[in-house]
Amino acid sequence: MKTLGKIILTFSAFVLIACGGSEQKSDNNTLSGNIKIDGSSTVYPITEAVAEEFRTVQPNIDVTVGVSGTGGGFKKFMRGEIDINDASRPIKTSEADACKEIGIDYLELSVAYDGLAVLINPENDWVDYLTVDELKKIWSPDAQGKVMYWNQIREGWPNEELHLFGPGVASGTYDYFAEAICGKKVGTRGDYTASEDDHVLVQGIATDKYSLGFFGLAYYEENKDKLNIIGVDNGNGPIIPTLETVGNGSYAPLSRPIFIYVSSPAAAKEEVREFVSFYLESAPSLVSEVGYIPLPQSEYNKEIEKFNAFIK
Amino acid sequence: MNRKNTEKIIEWLLKSSAIITILTTVGIIWVLLSESYSFFQEVSLSDFLTDTEWTPLFVVKHFGILPLISGTLLTTFIAVSVALPIGLTIAVYLSEYAPKRFRKIVKPLLEVLAAVPTVVYGFFALMVVTPFLQKLIPGMAGFNALSAGIVMGIMIIPFVSSLSEDALQAVPKSLRNASYGLGSTRFQTAFKVMVPAASSGIVVSVILAFSRAIGETMIVAIAAGQQPRLTANPLVPIETITAYIVQVSLGDVPHGSLEYKTIFAAGMTLFIFTFILNNISFWIRKKFREQYD
């Protein structure tokens, strides 16, 4: 009986292997090579999710995804060291010029929206929403050492110390928030708990009744049960960031599109073309899986057309 | 190879390992000094010592070390005020009351406290002690000096208890016997005779624990927060010198920039503190050690 079982097992394994083999041949997935990606830590979760899926389809293509920040990634991009750069902001003119200088053409593709969430402790029962002006009052550099209590923000709020949490200055999210709320090149106040580690921020806000903080919407999605998200009023009434409000841009100014940049030499490579097409096709489902907000399908179609025109 | 050569090689090996240790120390001091020197070319010493805000990474830069020093001293004082009474009580109990065999078992067990990785203490403070304290003190922040300080105090108990116990043991037996001979109780002997007689050793143990607490990094980086704040309030997030150095080292500050140099200025401050404390303890030990022999 045992032997018979063994034979059947061996046989079925054999059949399975044979089937797998024939499938491999029928599909056109025998490409090989490597794809180097670097850039923003904000875009990283999406690109890594796509790369993971891609590896199962094209196991012989080696995809590496690094995280050196949008600016750091562009530095490598314009030296021709990487094929694709993840970017949480559009390319700067200086970076575009540097690319031109060495003859690298590039294509910008929007892959998702990212929203910044403003968060409070669940026990906080006085904040219903914040206006953009109030956020500015709290975070501007002039507030340092001065705006220290909740009742300084709006009358009627408790006379309790305000504890602020946010990403550190090395993060693209910080740059984005500082520019959107406080204006260009002025930064924010410095007397808050600044951490590049979003888990520290989650922990800080979740355990402190008098806290207020901000970080990427994707991290809020992971910690919904520990934090309360609040709406931001930009003159049109308070709006809470959701799939819809971020997608249609009404959650302003704290939502932004995020991109990948493909260089022309990279787009000449079969494996990169395959990867980018795969990226844009699988983005609608993968983007929301990792906590970001997908573009409308029509936008993805446009990006695919743009890319097809670029590789021709 | 003859014996003489073997001797020489061994001698050379021993010497070189001693030299490497010394060179490392010299190297660290050299790096601290030279980088702090170029820091103070750009920031005046009086700003560094008197400004009450520390925001070197932001657009509006302030370089006042006071908030970091206050954070460091606050957690340290909390730690010592936990470790001193507990550690000393343990030392007196082990030395004056406990049976010899019990002492032999308990002392190494206590020293295990110092062997627990500090990252574990850090999470213990953040995940266990803070939620517990929040039940007693509503409105206490999740990151605070109090729970980090208390846990750090637990960590340094063995420093106080072990060294103090050694100091109590080193007091000549004749003193204890004389005290009993005069009809003192155990309690009187312990606290009126033995502790005063061993006071120099006890003070040294406290200073060493103090200097260990000042330099402690992981616990405060995890549990005390990362917000430089000039305050004596133990219930709000603060930042210590060590936590600041961790924060900057983990970030993405360009090598050679002023922001980068701040960690050396902060490190230098820390070094000066621990250096002075260690020297005081050395001096006390040397001056008072042979009082009764």
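**Figure 1. Packing around helix α3 of chain A in the predicted model**. The buried residues of α3(A) pack against β1 (33-39), β3 (84-87), α4 (93-101), α6 (172-182) and β11 (255-263) of chain A. Helix α3 of chain A covers residues 69-78, and its buried residues are A:Gly69, A:Thr70, A:Gly73, A:Phe74, A:Phe77 and A:Met78. A residue is buried if 20 or more other C-beta atoms lie within 10 Å of its own, exposed if 12 or fewer, and partly exposed in between, with C-beta atoms placed from the backbone. Helices (H or I, at least four residues) and strands (E, at least two) are DSSP runs, numbered from the N terminus. After α3(A) comes A:Gly80, which has a positive phi, near 75°. This is a predicted model in which local features need pLDDT of at least 70 and side-chain atom pairs count only at pLDDT 80 or more, while totals for chains, interfaces and linings use all residues. Residues are numbered from 1 along each chain as its sequence is written, and chains are lettered from A and ligands numbered from 1 in the order in which they are written.

**Figure 2. The two domains of chain A**. Domain 1 of chain A consists of 32-113 + 257-311, and domain 2 of 115-255; such bounds come from an automatic or database domain assignment. Their C-alpha centres lie 29 Å apart. Across the boundary, 13 residues of domain 1 of chain A are in contact with 13 residues of domain 2 of chain A, contact being C-beta atoms, placed from the backbone, that lie within 7 Å. The side of domain 1 of chain A that touches domain 2 of chain A has 6 nonpolar, 6 polar and 1 charged residues. Here Ala, Val, Leu, Ile, Met, Phe, Trp, Tyr, Cys and Pro count as nonpolar, Asp, Glu, Lys and Arg as charged, and the others, Gly among them, as polar. Chain A as a whole has 12 helices and 11 strands, and 41% of its 312 residues count as buried.

**Figure 3. The two domains of chain B**. Domain 1 of chain B spans 3-42 and domain 2 spans 66-288. The contact takes 6 residues from domain 1 of chain B and 8 residues from domain 2 of chain B. On the domain 1 side, these are 2 nonpolar, 2 polar and 2 charged residues. The C-alpha centres of the two domains of chain B lie 29 Å apart.

**Figure 4. The crossing of α4 and α6 in chain B**. Helix α4 (residues 100-115) and helix α6 (residues 145-170) of chain B have axes that come within 7 Å and cross at roughly 140°. That angle makes α4(B) oblique to α6(B); angles under 35 degrees count as roughly parallel, over 145 as roughly antiparallel, 65 to 115 as roughly perpendicular and the rest as oblique. Residues of α4(B) in the contact include B:Lys107, B:Leu110 and B:Glu111, and those of α6(B) include B:Ile154, B:Phe159 and B:Glu165. The residues of this contact divide into 8 nonpolar, 2 polar and 3 charged.

**Figure 5. Helix α11 of chain B and its cover**. Helix α11 of chain B (residues 241-250) has B:Ile241, B:Thr242, B:Ala243, B:Tyr244 and B:Gln247 as its buried residues. Their cover includes α3 (66-97), α9 (199-215), α10 (218-223) and α12 (258-288) of chain B.

**Figure 6. The contact between chain B and chain A**. Here 21 residues of chain B are in contact with 25 residues of chain A. The chain B side has 10 nonpolar, 8 polar and 3 charged residues.

Methods
Two residues are in contact if their C-beta atoms, placed from the backbone, lie within 7 Å. Axes are lines fitted to C-alpha atoms, for helices over the stretch in contact, and angles run from 0 to 180 degrees between N-to-C directions.
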